Each structure stands twice: as C-alpha cells, then as structure tokens.
Amino acid sequence: MTWLITGGAGYIGAHVVRSMMGAGERVVVLDDFSTGVAGRLGPDVSIVQGTVADADLVKQVCAEHSVTGVVHLAAQKQVGESVERPLRYYRENVGGLTTLLEAVVAAGITRFVFSSSAAVYGNPAVDLITEETPCVPLSPYGETKLAGEWLVRAAGRAHGIATACLRYFNVAGAAAPELADIGVYNVIPMVFDRLTRGESPRIFGDDYPTPDGTCVRDYIHVADLADAHLAAAQWLTRGDAGDVGDLTVNVGRGEGVSVRELISVIADVTGDQRPALVEGRRPGDAPRAVASATRAEETLGWTARRGVHEMIESAWRGWQLRHPGATRG
Ligand SMILES: NC(=O)c1ccc[n+]([C@@H]2O[C@H](COP(=O)([O-])OP(=O)(O)OC[C@H]3O[C@@H](n4cnc5c(N)ncnc54)[C@H](O)[C@@H]3O)[C@@H](O)[C@H]2O)c1
C-alpha cells in the first residue's frame with residue numbers, strides 16, 4: 001500500500017506519517033502549508049506542496065506515487081473562527097473533501113481514512129459518548145466534520161471504497177518536541193502561555209455538575225492517536241474493499257480529566273504552582289465529554305497507552321523548544 005496523507009505537515013498529520021512509516025507503510029504527503037510546518041517531516045518523506053482542492057494535482061500525485069489509500073487530515077479546525085467564517089469552513093472542509101473524493105474515485109483508490117472530531121456530538125448529556133450517541137454539532141466546524149462523514153460514507157458505498165471516520169477527542173502531547181502543536185487554542189498550550197507570561201492559569205467555571213465543578217474532558221496523546229490511524233489503515237486493508245465496509249469510531253482514552261486536575265499535573269510538570277483564577281463559564285462549554293473507547297478496542301485492537309502526565313510533559317518540552325524563556329518554576 002502507498003498512502004496519500006493530506007495535511008501530513010500538520011500537528012497530527014506529522015505523527016501519522018511517523019507512525020505509518022515506522023510500521024513500514026509507504027506514504028506521500030500533500031500539504032498546502034497553510035498551517036503545516038515542513039520541518040516536522042524528515043528528509044525521507046515525499047512531500048508535494050498543494051491543496052486537496054486541486055483535483056488535477058491530486059490525480060497526478062496519486063498516479064505518480066501509485067497511491068492505493070488516503071488518510072485525509074487537511075482541514076481548517078478552529079471552532080471560534082468557524083462561527084465567524086462559516087462559508088470558508090464549508091468550502092475548505094466540505095468542498096475540499098468533495099474534490100478529493102472525486103479524484104480518489106477517478107484514481108480507483110479504495111481505502112479512505114477521515115479525520116473527524118468529537119465536535120460532531122455537540123454537548124450530549126451522557127456519561128460516556130458512544131458512536132451511537134446522536135450527533136448535534138454546535139459549530140460550523142463540527143457541522144463540516146459531520147457532513148464530511150456523510151460524504152465519505154456515501155462515496156464509499158457508491159464506489160466500493162472501504163472507509164474509516166475517526167472521531168478524535170482532546171488531542172495533546174507530542175512524540176518529539178519539534179512535532180508539538182504550535183497553536184494556542186487548546187487548554188494545555190493556553191495554560192503554558194499564561195505561565196510563560198507570569199500569569200495564573202484561568203478556569204472558566206467551577207460550578208459545573210462535575211466532581212470538582214470544572215469541565216471534564218477525554219485527553220488523548222497524539223502518538224496514540226497516530227497509532228489509531230495506522231490500526232484503521234490496516235483494518236481497511238484486511239480484505240477486499242467492498243467487503244470491509246465503513247467504520248465510525250471514537251478515539252479517546254475513555255477516562256475523564258477535569259480542568260482542575262489537568263492544571264495540577266501542569267503545575268507538577270512545570271514546577272509553577274501558582275493558583276488558578278476562576279472566571280465565569282464560557283458559552284457552549286459542555287460539562288463533560290468523555291469517549292466510550294470500546295469500539296476502537298474491539299474493532300481495531302487499539303487502546304491508548306500514554307497517560308495525561310506523559311501528554312503534558314511532552315507538550316511542555318515542545319513549548320520550551322519554541323519559548324526558550326519558559327523554564328521550570
Ligand atoms: N488538533 C485537534 O485537537 C483535533 C481534534 C479533532 C479533529 N482534528 C482534525 O485533525 C486534522 C488535523 O488537525 P491538526 O491539529 O493536525 O491541524 P493542523 O492545522 O496542524 O494541520 C492541518 C494540516 O493541513 C494542511 N492543510 C490545510 N488545508 C489544506 C488544503 N486545502 N490542502 C492541503 N493541505 C491543507 C495544513 O497546512 C496543515 O499542515 C483536522 O482535520 C482537524 O479538524 C484535530
């Protein structure tokens with residue numbers, strides 16, 4: 001198999017490339033470098049610069065590299081921005097995927113892995129979110145991921161493509177400091193950012209109906225997530241594409257961690273013990289979002305191996321690489 005990895009120079013994509021190449025799979029990366037970083041990929045990785053929305057380029061890359069499967073990670077991913085610019089998000093995430101799938105069908109490719117998100121669920125009031133929990137996305141970003149899943153499954157059924165939609169929960173950590181997330185959109189880099197500025201971390205709401213009153217999430221190490229892609233890619237190739245069908249699966253640890261617990265681990269790792277400031281709730285934050293990880297284990301034989309401490313330690317090493325002034329407090 002040769003896998004086209006779209007968005008392979010991104011935070012998660014670069015880990016997927018590493019995991020798949022480590023298992024002996026051949027890969028070629030297609031990335032427009034809108035948020036990607038070439039330095040995340042080693043010199044042994046074939047990289048094509050361009051967009052998934054360029055059907056001719058995708059067909060050319062697939063032909064030149066004899067691509068037999070696709071892992072599609074390229075997307076815009078900021079929830080807040082998607083509320084401001086929904087048309088851009090639909091164009092990039094749904095339009096881009098449509099064009100990519102047309103090229104995939106034209107090239108006769110029969111395996112497709114799609115990056116979906118727990119954002120498809122919205123705020124379900126359940127203890128553990130299963131893949132059967134109704135999807136009620138609360139942002140245009142989440143909508144584009146849900147519409148993306150529909151497209152992938154419909155194209156799969158119509159054109160004999162075996163498909164896997166992976167619904168990622170809260171991704172964190174890095175397999176190496178240079179692979180770390182460079183955005184400051186998630187809670188862990190947001191706390192690092194505050195500490196580096198000499199400010200206290202913030203907690204948005206401590207009056208939720210959770211054990212310590214703060215929001216509970218399911219954090220997954222990006223290296224475990226990357227291995228889930230490898231497991232899904234291998235699952236898709238275990239038989240004829242037409243017989244394999246489609247898989248929609250949560251990728252999480254199945255364990256809830258509160259914001260307060262997370263900040264306490266960050267204090268241990270960074271040595272900065274300053275107390276958190278409690279502010280008001282942010283609109284739209286669910287009290288709890290934790291995956292049922294059963295299907296991934298039963299179907300793919302995959303489970304997360306790395307814990308929250310390892311996620312934070314590795315994320316902190318990546319943060320320090322880019323912020324040399326950030327030292328242990
Ligand atoms: N990071 C998370 O917490 C998270 C959670 C759930 C789902 N996801 C999904 O995972 C995927 C990867 O996210 P990430 O965190 O690595 O983001 P990222 O921004 O680091 O990576 C996205 C990559 O795609 C590339 N790209 C964007 N548009 C492109 C296009 N039209 N053509 C070619 N390349 C393009 C970017 O240059 C970048 O390298 C996305 O689909 C995102 O929605 C991420």
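Helices (H or I, at least four residues) and strands (E, at least two) are DSSP runs, numbered from the N terminus. The model described here is predicted, so local features need pLDDT of at least 70 and side-chain atom pairs count only at pLDDT 80 or more, while totals for chains, interfaces and linings use all residues. Residues are numbered from 1 along each chain as its sequence is written, and side-chain values use heavy atoms, with hydrogens and water left out.

Thr 110 is located in the loop between helix 4 and strand 5. With a relative accessible area of 25%, Thr 110 is partly exposed (buried means under 20% relative accessible area, exposed over 50%, and partly exposed in between, with a 1.4 Å probe and protein chains only). Apart from neighbours within four places in sequence, Thr 110 is in contact (heavy atoms within 4.5 Å) with Thr 68, Gly 160, Ile 161, Ala 162 and Ala 241. Thr 110 and Leu 236 are 126 residues apart along the chain, and their C-alpha atoms are separated by 9.0 Å.

Thr 2 belongs to strand 1, which covers residues 2-6. Its relative accessibility is 7%, and Thr 2 therefore counts as buried. When residues up to four places away in sequence are not counted, Thr 2 touches Arg 26, His 65, Ser 66, Val 67, Thr 68 and Gly 69. Between the C-alpha atoms of Thr 2 and Val 184, which are 182 residues apart along the chain, the separation is 33 Å. Ser 66, one of the residues touched by Thr 2, is found in the loop between helix 2 and strand 4 (69-72). Although Ser 66 is not a glycine, it has a positive phi of about 50 degrees. A positive phi, of about 60 degrees, is also found at Phe 33, again not a glycine. Phe 33 is placed in the loop between strand 2 (26-31) and strand 3 (46-49), and is partly exposed at a relative accessible area of 23%.

Two packed helices are described by the angle between their axes and the distance between the axes. Axes are lines fitted to C-alpha atoms, for helices over the stretch in contact, and angles run from 0 to 180 degrees between N-to-C directions. Angles under 35 degrees count as roughly parallel, over 145 as roughly antiparallel, 65 to 115 as roughly perpendicular and the rest as oblique. A crossing is left-handed if the near helix is turned anticlockwise from the far one by less than a right angle, and right-handed if clockwise.

The axes of helix 1 and helix 7 (residues 222-236) come within 8 Å and cross at roughly 55 degrees. Helix 1 is therefore oblique to helix 7, and the crossing is right-handed. On the side of helix 1, the contact is made by Tyr 11, Ile 12, His 15, Val 16, Ser 19 and Met 20, which meet residues of helix 7 including Val 222, Leu 225 and His 229. Tyr 11 lies in helix 1 (residues 11-22) and is buried, with a relative accessible area of 8%. Beyond four places in sequence, the residues touched by Tyr 11 include Arg 40, Ala 172, Asp 181 and Val 222. Tyr 11 and Ala 172 are 161 residues apart in sequence, and their C-alpha atoms are 9.8 Å apart in space.

For helix 2 (residues 55-64) and helix 4 (residues 86-106), the axes come within 9 Å and cross at roughly 40 degrees. These two helices are therefore oblique to each other, and helix 2 passes helix 4 in a right-handed crossing. Here Ala 55, Val 58 and Lys 59 of helix 2 meet Thr 99, Leu 100, Ala 103 and Ala 106 of helix 4.

Helix 6 (residues 187-196) packs with helix 9 (residues 259-270) at an angle of about 50 degrees, the axes being 11 Å apart. Helix 6 is thus oblique to helix 9, and their crossing is right-handed. Val 187, Ile 188, Val 191, Phe 192 and Leu 195 of helix 6 make the contact with Leu 262, Ile 263, Ile 266 and Thr 270 of helix 9.

Phe 192 also takes part in a cluster, in which ring pairs link it with Trp 316 and Trp 319 (rings of Phe, Tyr and Trp, the last by its six-membered ring, pair if their centres lie within 6.5 Å; planes under 30 degrees apart count as stacked, over 60 as edge-to-face and the rest as tilted). By this rule the count comes to 3 aromatic pairs. The ring centres of Tyr 121 and Phe 169 are 6.3 Å apart with the planes at 35 degrees, so this pair is tilted. Both residues are buried.
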